[in-house]
Number of protein chains: 2
Amino acid sequence: MGHMTSEHRPALPATPPLTERQEARRRRILHASAQLAGRGGFDAVQMREVAELSNVALGTLYRYFPSKIHLLVATMQDQLQHMHATLRKRPPTESDPGARVAQTLMRAFRAMQREPHLADAMVRALTFADRSVSPEVDTVSRLTTAIILDAMGLESAATPEQLSAVRVIEHTWHSALITWLSGRASIAQVKIDIETVCRLIELTGPQRPE
Amino acid sequence: MGHMTSEHRPALPATPPLTERQEARRRRILHASAQLAGRGGFDAVQMREVAELSNVALGTLYRYFPSKIHLLVATMQDQLQHMHATLRKRPPTESDPGARVAQTLMRAFRAMQREPHLADAMVRALTFADRSVSPEVDTVSRLTTAIILDAMGLESAATPEQLSAVRVIEHTWHSALITWLSGRASIAQVKIDIETVCRLIELTGPQRPE
DNA sequence: CGCTAATCTAGAACAAGTTACAGAACCGAT
DNA sequence: ATCGGTTCTGTAACTTGTTCTAGATTAGCG
């Protein structure tokens with residue numbers, strides 16, 4: 001909840017610095033995870049295979065990521081950071097904040113369509129995560145919030161009302177993604193849902209009288 | 001999507017009728033499932049234990065419910081039907097459709113607070129379900145939709161805009177529930193989110209000019 | 001009743017996530 | 001370079017969801 005003191009991200013509480021080899025291992029693991037997820041989705045990410053593919057012993061894999069869910073949530077963190085960087089390069093073209101957010105989310109959504117299996121693995125892990133993964137899930141949530149706030153392109157700090165709207169948009173985004181991934185909603189339906197929820201933003205202009 | 005031809009529910013396509021003993025078995029299984037879920041949540045629902053507690057062989061359990069997820073989603077169906085009946089008895093007191101929906105959902109939410117472990121098991125199963133469970137998840141979704149539409153208390157059929165709003169409300173409801181269950185949001189926060197999203201309903205009055 | 005097919009039971013077997021452990025490799029400080 | 005503690009490896013074991021099999025029970029039917 002640290003407003004926006006975003007010099008560098010808060011860098012999780014006291015993670016002892018990793019040696020170069022360790023950093024490399026971590027990266028190999030995440031890469032293997034994304035690769036296996038990319039074809040085959042959640043079920044294809046098998047811990048033994050991830051370990052083998054990243055040239056790491058099973059025990060080591062578990063030292064770095066204490067569960068499959070942790071691993072996949074970390075993978076999502078990784079991918080989201082890429083996406084955030086990519087989206088920053090081409091900001092939305094619409095003028096209304098709501099439309100900008102919708103446009104950005106649909107871009108993100110199209111990126112997921114390109115790797116549906118990967119998206120499946122990450123999103124399923126995210127929603128299946130229990131309390132033991134809360135900190136990591138929270139990080140993902142903050143990243144998503146940052147992407148949305150970026151898209152809104154507001155000059156001053158967001159109002160509480162706007163933050164509520166952003167939260168609801170995030171809820172809708174995740175849930176709509178799930179219904180699409182499990183084949184219960186079409187792409188068009190997701191688009192409609194996102195556009196619908198983004199109307200909430202128009203209701204919360206900075207100078208809106210109560 | 002059958003508007004509201006709700007004489008009796010469509011009664012899933014061609015389920016061969018069960019004998020009395022079979023119906024009883026099914027009921028015992030669902031009861032055991034809810035009981036185990038009630039204390040211990042998702043992890044406490046172990047197929048062997050469910051089988052034992054309901055006096056049924058493991059193979060039989062799997063004949064009735066082809067996976068743990070199927071079982072828990074069916075459990076949710078069951079619980080939702082109870083809830084729907086309960087909610088019907090005491091319709092919301094507010095006058096605005098949006099406020100009525102918010103009130104109803106908060107009532108449902110309080111019911112979940114009474115059995116957080118059970119809620120955890122059911123919601124986790126619901127969001128983790130893959131394509132093979134789509135029909136059952138869809139049934140749950142229709143039940144939820146019915147509850148919301150009931151709460152709106154509209155005279156005529158819902159407009160497409162209203163149906164979109166209901167979809168988004170459902171998304172928010174599920175996702176907010178998850179964040180609460182995994183300890184990342186307070187009850188107050190859930191309330192705010194629900195109230196926020198329910199404003200969408202006010203935007204979609206039946207006679208709203210474009 | 002007696003037959004046949006479907007269902008149910010008990011239990012073994014298999015799959016993948018997770019844990020445990022003994023020894024090898026590595027890192028930092030002396 | 002060497003010592004001491006940490007980390008990594010390789011592997012086996014354990015847990016729980018799921019599948020399989022052989023035999024007992026049941027349901028429907030002539």
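## Fold of chain A

Of the contacts in chain A with a separation of 6 or more, 72% are between residues 24 or more positions apart, a contact being two residues whose C-beta atoms, placed from the backbone, lie within 7 Å. The model is predicted: local features need pLDDT of at least 70, side-chain atom pairs count only at pLDDT 80 or more, and totals for chains, interfaces and linings use all residues. Residues are numbered from 1 along each chain as its sequence is written, while chains are lettered from A and ligands numbered from 1 in the order in which they are written.

Chain A contains 10 helices and 0 strands, and its pattern along the sequence is α-α-α-α-α-α-α-α-α-α. Helices (H or I, at least four residues) and strands (E, at least two) are DSSP runs numbered from the N terminus. The radius of gyration of chain A is 18 Å, close to the 17 Å that the globule rule gives for 210 residues, so chain A is as compact as a globular protein of that length. That radius is taken over C-alpha atoms, and the globule rule is 2.2 Å times the number of residues to the power 0.38. The C-alpha trace of chain A spans about 60 × 40 × 30 Å along its principal axes. Of the 210 residues in chain A, 40% are buried; a residue is buried if 20 or more other C-beta atoms lie within 10 Å of its own, exposed if 12 or fewer, and partly exposed in between, with C-beta atoms placed from the backbone.

## Helix packing within chain A

Helix 1 (residues 20-38) and helix 5 (residues 68-89) of chain A pack at an angle of about 95°, their axes being 10 Å apart. Axes are lines fitted to C-alpha atoms, for helices over the stretch in contact, and angles run from 0 to 180 degrees between N-to-C directions. Helix 1 of chain A is therefore roughly perpendicular to helix 5 of chain A; angles under 35 degrees count as roughly parallel, over 145 as roughly antiparallel, 65 to 115 as roughly perpendicular and the rest as oblique.

On helix 1 of chain A, the contact residues are A:Leu30, A:Ser33, A:Ala34 and A:Ala37, which meet A:Leu71, A:Leu72, A:Ala74, A:Thr75, A:Asp78 and A:Gln79 of helix 5 of chain A. By class, this contact has 6 nonpolar, 3 polar and 1 charged residues. Ala, Val, Leu, Ile, Met, Phe, Trp, Tyr, Cys and Pro count as nonpolar, Asp, Glu, Lys and Arg as charged, and the others, Gly among them, as polar.

## The interface between chains A and B

In the interface, 29 residues of chain A are in contact with 29 residues of chain B. On the side of chain A that touches chain B, two or more residues come from each of helix 7 (116-128), helix 8 (134-152), helix 9 and helix 10 of chain A. Helix 9 of chain A gives the most, with 10 residues. The side of chain A that touches chain B has 11 nonpolar, 10 polar and 8 charged residues.

The axes of helix 9 of chain A and helix 9 of chain B come within 8 Å and cross at roughly 95°, which makes helix 9 of chain A roughly perpendicular to helix 9 of chain B. A:Val168, A:His171, A:Thr172, A:His174, A:Ser175 and A:Ala176 meet B:Val168, B:His171, B:Thr172, B:His174, B:Ser175 and B:Ala176. The contact of the two helices comprises 4 nonpolar, 8 polar and no charged residues.

## Helix 10

Helix 10 (residues 187-202) of chain A packs with helix 10 (residues 187-202) of chain B at an angle of about 100°, with axes 10 Å apart; helix 10 of chain A is thus roughly perpendicular to helix 10 of chain B. A:Thr196, A:Arg199 and A:Leu200 make the contact with B:Thr196, B:Arg199 and B:Leu200, giving 2 nonpolar, 2 polar and 2 charged residues.

The buried residues of helix 10 of chain B include B:Val190, B:Asp193, B:Thr196, B:Arg199 and B:Leu200. The buried residues of helix 10 of chain B pack against helix 9 (160-181) and helix 10 of chain A, and against helix 6 (97-114), helix 8 (134-152) and helix 9 (160-181) of chain B.

## Individual residues

A:Asn55, in the loop between helix 3 (47-53) and helix 4 (58-64) of chain A, has a phi near 55°, a positive value in a residue other than glycine. A:Asn55 counts as exposed, with 11 C-beta neighbours inside 10 Å. In chain B, B:Asn55 has a positive phi of about 55° and counts as exposed.

B:Met83 lies in helix 5 (residues 68-89) of chain B and is partly exposed, with 19 other C-beta atoms within 10 Å. Not counting residues up to four places away in sequence, B:Met83 touches B:Ala108 and B:Ala111.
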